[in-house]
Amino acid sequence: MKTIFIASFHPYTGRNILQTKAFELLKARADLRIVIFVPKYKKEYFDKNFSRPNVIIEGVDFDFPSKRSLSLIMKRIAKYGLFSNSTRLERERKRAMDGRILYYLATALLAIALSRLGWLSKLKRRVMRRVDYRLSSKDRYRVYFEKYRPDLVWATDIQSERDVELLHNAKFFGIKSVASVRAWDNLTLHGLIRALPGTLLVQAEKIKEQAMMYDDMPPGKIKVVGVAHYDRYLSETSETNEEFLKSLGFSPSKSFILWTPIGDNYLENNDTDPYVFDILGNTDANVLVRFSPTIPVKQMEGAKPFSNMVFDYPGVNFKPGIIGDQEMSEEDDLRLIKEIYFSDVVVGGPTTVALDAVFMDKPVILIGFHPTPKTYLEGILRRYDYDHFKFAIECGAFTVAKSREELLKYIDEFAKNPQAKSREREILRNAYCGPADGKSGERIAEAINKLIYAK
């Protein structure tokens with residue numbers, strides 16, 4: 001029997017990997033043992049939802065690697081060593097908000113040294129990764145490597161520090177490794193890849209280009225597989241539009257808006273979401289408010305929906321009062337699919353739901369205004385200049401509303417003509433979503449199997 005280790009430390013790994021055809025095909029093999037690593041306080045949930053005779057859940061109770069000073073230093077070097085438009089704006093915002101000029105200059109010089117000097121920067125990145133590997137702990141996973149003797153280690157979120165530690169351990173114990181890029185913004189926003197895997201699975205060609213350009217991944221070791229959880233987005237539904245709207249208490253004769261609040265992670269002093277809440281609550285449309293399972297909106301806590309609204313609070317909570325670490329259940333994802341599928345237009349901020357909507361060819365309006373004045377670096381428009389959103393806006397897939405009047409105008413236009421900008425959305429799908437053939441999970445399972453059973 002072969003054995004694979006799978007890291008599941010990010011709240012979306014369950015949705016992205018374990019609820020997909022990829023995991024279904026892997027666990028169906030009688031000759032494969034799967035060991036999934038999760039935070040210890042989530043072990044009961046994962047046991048209930050994913051354990052099988054050949055699927056073992058291991059709950060780890062050690063803290064983050066960056067709790068050690070040396071690991072924290074390497075994490076910061078990797079984070080600030082990437083020179084992209086996204087990281088440049090992150091540095092500028094930190095300088096403006098914190099006033100730490102010297103810190104800003106130091107991180108800017110670090111990014112230039114590691115990303116902008118051609119072959120010299122490539123050499124420095126190689127040295128950085130070697131030092132990172134030398135400094136990482138090889139003891140915390142030792143008991144698991146000795147107990148299970150895995151044939152492959154799969155880091156499902158290559159820029160998570162826990163996944164990085166697991167990749168370092170795989171190298172130390174001489175085990176083959178594969179890693180996935182979790183989301184479309186990761187390689188331009190979250191820093192340099194600290195540990196290069198034997199094989200890298202990416203969603204689309206655009207992300208493959210980024211892995212080669214920023215992180216030195218050889219093209220022959222990168223596989224474009226698509227987005228596994230999007231496979232189910234292509235399934236036909238037997239429910240009609242009228243049935244779905246009536247199930248929510250909505251009138252089928254009115255347009256249906258799906259609104260995802262921006263959230264406090266993207267805006268300090270977030271008075272924008274309550275403002276949009278009031279605007280949409282006074283429209284003659286059905287509005288479903290889908291809150292994020294990982295990003296709070298404190299100014300809307302305790303808010304009651306308007307008569308034309310329904311609230312949806314997805315996420316499985318593990319720590320009362322803490323939203324950021326919630327898992328997205330299968331029911332949560334199936335509900336999101338319906339909410340997008342039956343919507344006329346999706347309104348929101350810089351979240352992945354915007355890309356989900358584009359995958360299903362739905363018009364997307366981004367909120368680009370505030371009720372109180374904010375500087376460029378304080379406000380939300382800065383986020384739309386990050387590499388991934390900048391591409392989406394420039395190709396026309398997303399429409400930015402810069403005032404209340406524009407928001408209402410765009411909602412009306414897209415409700416009347418939901419196929420508007422369909423061609424532009426196709427450009428974004430091809431660039432960041434990869435093949436839309438319903439076989440992404442199969443491609444991932446095939447790539448994993450080849451690595452495990454290669455002779």
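Predicted model: local features only at pLDDT ≥ 70, side-chain atom pairs only at ≥ 80, totals over all residues.
1. Cysteine 395 is buried, with a relative accessible area of 16%.

2. Is cysteine 433 buried or exposed? Cysteine 433 is buried, and its relative accessible area is 1%. Its closest cysteine sulfur is the one in cysteine 395, at 11 Å, again too far for a bond. A disulfide would need the two sulfur atoms within 2.5 Å. Over the whole structure, the search finds zero disulfides. For readers new to the term, a disulfide is a covalent bond between the sulfur atoms of two cysteines.

3. Now the chain as a whole. Its secondary structure comes to 19 helices and 13 strands. Along the principal axes, the C-alpha trace spans about 60 × 55 × 40 Å.

4. How much of the chain is buried? Buried residues make up 56% of the 455 residues. The chain exposes about 19,700 Å². Carbon and sulfur atoms supply 52% of that area. Contacts reach along the sequence too. Among contacts with a separation of 6 or more, 70% join residues 24 or more positions apart.

5. Next, a sheet of seven strands. This sheet is open, its pairing is parallel, and the order is E3-E2-E1-E4-E5-E6-E7. Strand E3 (55–60) and strand E7 (222–224) are the edge strands, each pairing on one side only. From one strand to the next, the twist averages 20°.

6. Strand E1 (residues 2–7) and strand E4 (residues 152–155) pair in the parallel sense over three bridges. Which residue in E4 is the bridge partner of phenylalanine 5? The partner is valine 153.

7. Helix H9 (residues 161–172) lies across E1, strand E2 (32–39), E3, E4 and strand E5 (176–180). H9 runs at about 160° to E4. Helix H19 (residues 440–453) also packs on the sheet. H19 touches E1, E2, E4, E5, strand E6 (199–202) and E7. The direction of H19 makes about 150° with that of E4.

8. There is also a sheet of six strands. This one is open with parallel pairing, in the order E10-E9-E8-E11-E12-E13. Its edge strands, each pairing on one side only, are strand E10 (309–312) and strand E13 (398–401). Here the twist averages 25° from one strand to the next.

9. Isoleucine 257 stands opposite valine 345 in E11. Helix H17 (residues 404–416) packs on this sheet, touching E8, E11, E12 and E13. The direction of H17 makes about 145° with that of E13.

10. Helix H13 (residues 272–281) lies across E8, strand E9 (286–290), E10 and strand E12 (364–367). H13 runs at about 170° to E8. Why is H13 described as largely enclosed by the rest of the structure? Eight of its ten residues are buried, so the helix is largely enclosed. The buried residues of H13 include Pro274, Val276, Phe277, Ile279 and Leu280. Against what do the buried residues of H13 pack? They pack against E8, E9, E10, E12 and H17.

11. Two backbone angles are worth checking. Most residues other than glycine have a negative phi. Arginine 149 is not a glycine, yet has a positive phi of about 45°. Arginine 149 lies in the loop between helix H8 (142–148) and E4. This arginine 149 is exposed, with a relative accessible area of 62%.

12. Lysine 421 also has a positive phi, about 65°, although it is not a glycine. Where is lysine 421 found? Lysine 421 sits in the loop between H17 and helix H18 (422–432). Lysine 421 is partly exposed, with a relative accessible area of 34%.

Terms used: Residues numbered from 1 in each chain as written. Heavy atoms only, no water. Pairing = 2+ DSSP bridges. Helix = DSSP H or I, 4+ residues; strand = E, 2+ residues; numbered from the N terminus. Axes fitted to C-alpha atoms, helices over the stretch in contact; angles between N-to-C directions. Contact = heavy atoms within 4.5 Å. Buried < 20%, exposed > 50% of the residue type's maximum accessible area, 1.4 Å probe, protein only. Areas by Shrake-Rupley, 256 points an atom, 1.4 Å probe, with all protein chains shown as cover.
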